[in-house]
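Here is a short briefing on one protein chain.

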Amino acid sequence: FATYTAFAALKSDASLVTWGVAARGGDSFTVQDQLRSGVQYVFATSAAFAALKHDGSVVAWGDPNYGGNARDVQDQLTSGVRYIFSTTSAFAALKHDGSVVTWKAPEGHGGDSSSVRDQLSADVRCV
């Protein structure tokens with residue numbers, strides 16, 4: 001898995017190792033404890049990663065301007081996530097209940113779904 005300047009390796013024990021430019025996802029120290037086990041998939045924008053864990057939770061890190069900070073929606077990412085999609089600077093999480101949660105760079109790039117929030121609250125099959 002890769003951003004433009006960092007890599008993430010998913011190991012057979014479901015832990016994750018990252019390296020490369022620290023600010024672009026290569027340094028996962030702040031979320032290191034959450035990445036020691038249970039990682040199922042990893043997704044990337046051009047400068048951030050999001051890990052989907054076996055329990056359906058999501059861990060994001062990297063450049064906050066590229067989706068590396070999910071603080072505003074973290075309460076919606078603690079469980080029930082089925083898959084994650086990305087643009088160059090935003091993530092969209094599809095949940096098992098058919099809802100979609102997005103987080104983004106400060107100026108859009110697909111991560112601001114507020115104008116269609118009601119339409120993404122249920123019955124979404126794919127992003």
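This is a predicted model: local features need pLDDT of at least 70, side-chain atom pairs count only at pLDDT 80 or more; totals for chains, interfaces and linings use all residues.

Residues are numbered from 1 along each chain as its sequence is written, and side-chain values use heavy atoms, with hydrogens and water left out.

**Fold and overall shape**

- The protein chain has 0 helices and 8 strands. Both are DSSP runs numbered from the N terminus: helices are H or I with at least four residues, strands are E with at least two.
- From the N terminus the order is β-β-β-β-β-β-β-β.
- The radius of gyration is 14 Å, close to the 14 Å that the globule rule gives for 127 residues, so the protein chain is as compact as a globular protein of that length. The radius is taken over C-alpha atoms, and the rule is 2.2 Å times the number of residues to the power 0.38.
- The C-alpha trace spans about 40 × 30 × 20 Å along its principal axes.

**Burial, contacts and charge**

- Of the 127 residues, 45% count as buried. Buried means under 20% relative accessible area, exposed over 50%, and partly exposed in between (1.4 Å probe, protein chains only).
- Among contacts with a separation of 6 or more, 39% join residues 24 or more positions apart. A contact means heavy atoms within 4.5 Å.
- There are 10 positive and 12 negative side chains, and the centres of the two sets lie 4 Å apart. Lys and Arg count as positive, Asp and Glu as negative; His and the chain ends are not counted. Each charge is placed at NZ of Lys, CZ of Arg, CG of Asp or CD of Glu.

**Nonpolar cores**

- The largest nonpolar core has 15 residues; V58, L77, V81, I84, F91, A93 and W103 have the most contacts inside it. Such a core is a set of buried Ala, Val, Leu, Ile, Met, Phe, Trp, Tyr and Cys residues joined through side-chain atoms within 4.5 Å.
- Strand 4 (48–53), strand 5 (58–62), strand 6 (81–86), strand 7 (91–95) and strand 8 (100–103) each supply at least two residues of this core. Strand 4 gives the most, with 3 residues.
- Another core lies apart from it, with 11 residues, among them V42, F49, A51 and V59.
- Beyond four places in sequence, L77 contacts G56, S57, V58, A70, A93, V101 and W103.

**Residues to look at**

- G62 is in strand 5. G62 is partly exposed, at 24% relative accessibility. Beyond four places in sequence, G62 touches A23, R24, G25, A47, A48 and G68.
- H54 sits in the loop between strand 4 and strand 5. H54 is exposed, at 56% relative accessibility. Beyond four places in sequence, H54 touches A14, G38, V39 and Q40.

**Positive phi**

- Most residues other than glycine have a negative phi.
- A14 is not a glycine, yet has a positive phi of about 70°. A14 lies in the loop between strand 1 (6–10) and strand 2 (16–20). A14 is buried, at 15% relative accessibility.
- D123 also has a positive phi of about 70° without being a glycine. D123 lies in the segment after strand 8. D123 is exposed, at 74% relative accessibility.
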